[in-house]
Amino acid sequence: MRPHHQLLPQPSKSSPPAVEDPAGSHRPPAAGSVGLLGPRKKGTKATTSVRAWLLIDSEGNSQVLEAGKHAIMRRTGLPARDLRILDPVLRCPSTVLGRERAIVINLEHIKAIITAQEVLLVNSADLSVTPFVDELRRRLVRHQQATTIASEGNDDGHTKLHDLGESRQNSPSGQHDGVGKEVVKKQLYGSKVLSFEFVALETCLEAACTSLENEAKGLEKEAHPALEKLSSKISTLNLERVRQIKSRLVAISGRVQKVRDEIEHLLDDDEDMAEMYLTDKLSVESDLENSSASSMNEQMRDEMDDEIHQAAEVDDRNSDTGTGTSKQLDVEELEMLLEAYFVQIDGTLNKLSTLREDVDDTEDYINIMLDDKQNQLLQMGVVLSTATLVVNAFIVVAGIFGMNIGIELFHEELKTGNKKFMWTIGGSSMACVFFFVIAIAWGKHMRLLDIPSLFFVCSRRIRKN
């Protein structure tokens, strides 16, 4: 079995260092630079599979490399399907995968590959990734210092770790570390320092959870005033604004739910968490290699038959040791780290759920108000229809008397004056009013009309006009 440093080839020393602009963002080297695929001649175009990767080592040093898919697969031991998850064009959902030699991270804008000794970032030139890169480098520098102090074995090792933790807490970046601060304190204060892959994983989780939390807070601040305006005044502008907020709320809730489900899936599966102990697996590999080398030296001194028999026993013992190590691997350290960010992302999801309930309650209130106005309009329509019916009855009487037919009543009217005509007009009008009142009273008795509220609405509309 080959040693691990042979399994993970390191980048060439002749590769150019990272190019940084004043804003702190990283740019890939110029054309003709040396990448993982070797030098590229001038005038030739790079293949479509070549992509710029930002490599950050355990000491916090960064370097931009140009590498293809196959080079990354050989470097990290990942299959092609895992690299497709990191493709920005595909827009795959949030995923955290633990493999034999690497951890694949695809959380929001963070797309990275974490090994036991380095971190590879895909979209390092993105402005949203630049703060994450700076924070990751700071943490890796502090992790390197803590590892160096812990390896010295001095009596004042705990005091140095404590002082390093205090400087970490008082630094400007330590003021906004969020929920992960307790995990970092454990890393610095305790006698055991977190592994490199866990420091990088924590930084990725914190960046993703904090980004979603800030986005949820911004949406919450924007949503409550819009809901209040819509409740006070129903207008097309307010309705459109609330509709846009609801669309964004649904999208953010889906993204937060996906991250939460991914962390919960890891917490429920100890085997997946055990796969992420890359440093421990490296130490186990080196121990097995040393034991295999010593066994081979002893076998050379025996006879050929005994050598074959002993080789079989050594192989069985090695396989049993590897199995026992994986079974006895303690995942409590990683479980505590994941639980801290599970609580944070679950709190963000609860805030979004509460905001969704507020939006739904506002919609129900608006629907009730619209239904009430519709009922008022229907009642007004019933009243106007009744009045039209009564007036039509009066028109019928007027139409009958307007016919060009000679009757005795007209001749008597010429003799006696217009007394009967006035009685006819007055009687018809009183009859119309009487029938209108009877119709309205019947509607109120049957609870079809609400006269006070109807007249109140009518008077309010008249005052507005």
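Predicted model: local features only at pLDDT ≥ 70, side-chain atom pairs only at ≥ 80, totals over all residues.
View 1. Residues are numbered from 1 along each chain as its sequence is written, and side-chain values use heavy atoms, with hydrogens and water left out. Helix α7 passes α8 in a left-handed crossing (the near helix is turned anticlockwise from the far one by less than a right angle). Helices (H or I, at least four residues) and strands (E, at least two) are DSSP runs, numbered from the N terminus. Helix α7 spans residues 196-232 and α8 residues 236-268; they pack at about 155 degrees, with axes 10 Å apart (axes are lines fitted to C-alpha atoms, for helices over the stretch in contact, and angles run from 0 to 180 degrees between N-to-C directions). The angle therefore makes α7 roughly antiparallel to α8 (over 145 degrees).

**View 2. Residues between α7 and α8.** The contact (heavy atoms within 4.5 Å) includes L205, L212 and L219 of α7, and V242, I245 and L249 of α8.

**View 3. The open sheet.** Six strands follow the order β4-β3-β8-β7-β6-β5, with antiparallel pairing (at least two DSSP bridges between two strands). At the edges, β4 (62-67) and β5 (95-98) each pair on one side only. The twist averages 20 degrees from one strand to the next.

**View 4. Strands β5 and β6.** Strand β6 (residues 103-107) pairs with β5 in the antiparallel sense over four bridges. G98 stands opposite I103 of β6.

Note on methods. Parallel < 35°, antiparallel > 145°, perpendicular 65-115°, else oblique.
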